[in-house]
Amino acid sequence: MSDQMPDSAPQFLTVGDGEAAREIAMLVRPAKAGNGAPALVWLSGYRSDMSGTKAVELDGLAAELGLACIRLDYSGHGLSGGNFGDGTISRWLEEALAVIRHVAPDRVILVGSSMGGWIALRLAQELARQGGPKLAGMVLIAPAPDFTSELIEPNLKVKERKSLAERGYFEERSQYSPEPNIYTRALIEDGRKNRVLDGIIETGCPVHILQGMKDVDVPHAHAMKLVEHLPADDVVLTFVRDGDHRLSRPGDIALLLSAVKGIIRSSTNRQMPV
């Protein structure tokens, strides 16, 4: 029963002040006593939440190995407060950083899916700049860094540009939900300020990228471009030949858990005296 407790008892953390304050929901699994391995941190994609298949499977791995696991819903997502339309990369990054600082593990492994991969890369930069938990590794699933400027802006149709200019947002049909995806002018403008593919990204830790070759949302060339911006890190890129964007099939999940275990092993080995 104790392994199920984190799922039934979300905690809430207030992030931001005044009108910008929002209640961020998080599920925190404590590590078993004496387990010094890094905490796993789940970072969801755009319009996804901490109760999705991959997030739950990651938490299950943490339960099995006695690791800490931290999951959160960005504002406007899942159980968290705040308006989705107010969401930007900077805002969601601030929330992820606040949750990690609140839980305060010594070391973390960031596991980011799609947009969560972008937030993971920005977190690496902010933790290096501001201090905080040491980054022990990253697993990125169909990572979508800079997706607003790299994947959305170049492909905007005339009517979408018009909607952005006149209404401040445009809508796009979603493959995954009856509700359309909404992309705001604020999200796109803020995305330009959070670009990571404009220079060398130094994470200082091993990175394992999982990418489907039949991903219609984030083309696999985007993952290859990301690798070019990680020249100083130990990077493994695994292509799933018939994989889509979600990579949620049993075989995909097995690959994800295997990648996370590999990062855990390497982080444990690096902690041992040579």
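Predicted model: local features only at pLDDT ≥ 70, side-chain atom pairs only at ≥ 80, totals over all residues.
Colleague: Why are Asp59 and Arg71 called a salt bridge?

Modeller: Their side chains meet at 3.5 Å, N to O, and the cut-off is within 4 Å, so the pair counts as a salt bridge. Asp59 belongs to helix α2 (residues 53-65) and Arg71 to strand β4 (residues 69-72), 12 residues apart.

Colleague: What makes Asp59 buried or exposed?

Modeller: Its relative accessible area is 4%. Buried means under 20%, so Asp59 is buried. Arg71, with 2%, is buried by that cut-off too.

Colleague: How do you know which class Lys225 falls in?

Modeller: Lys225 has a relative accessible area of 28%. Exposed means over 50% and buried under 20%, so Lys225 is partly exposed. Glu150, with 22%, is partly exposed as well.

Colleague: What does the salt bridge between Lys225 and Glu150 tie together?

Modeller: The closest N and O atoms of Lys225 and Glu150 are 2.9 Å apart. Lys225 lies in helix α8 (residues 220-228) and Glu150 in helix α5 (residues 147-152), so the pair ties together parts 75 residues apart in sequence. Salt bridges with shared partners also join Asp146, Glu150, Arg195 and Lys225 into one network.

Colleague: Why do β1 and β10 stand at the edges of the sheet?

Modeller: The open sheet has eight strands in the order β1-β2-β4-β3-β5-β6-β9-β10, with mixed pairing. β1 (11-15) and β10 (235-240) each have a single partner strand, so one side of each lacks a neighbour in the sheet.

How values were computed
Residues numbered from 1 in each chain as written. Heavy atoms only, no water. Pairing = 2+ DSSP bridges. Helix = DSSP H or I, 4+ residues; strand = E, 2+ residues; numbered from the N terminus. Buried < 20%, exposed > 50% of the residue type's maximum accessible area, 1.4 Å probe, protein only.
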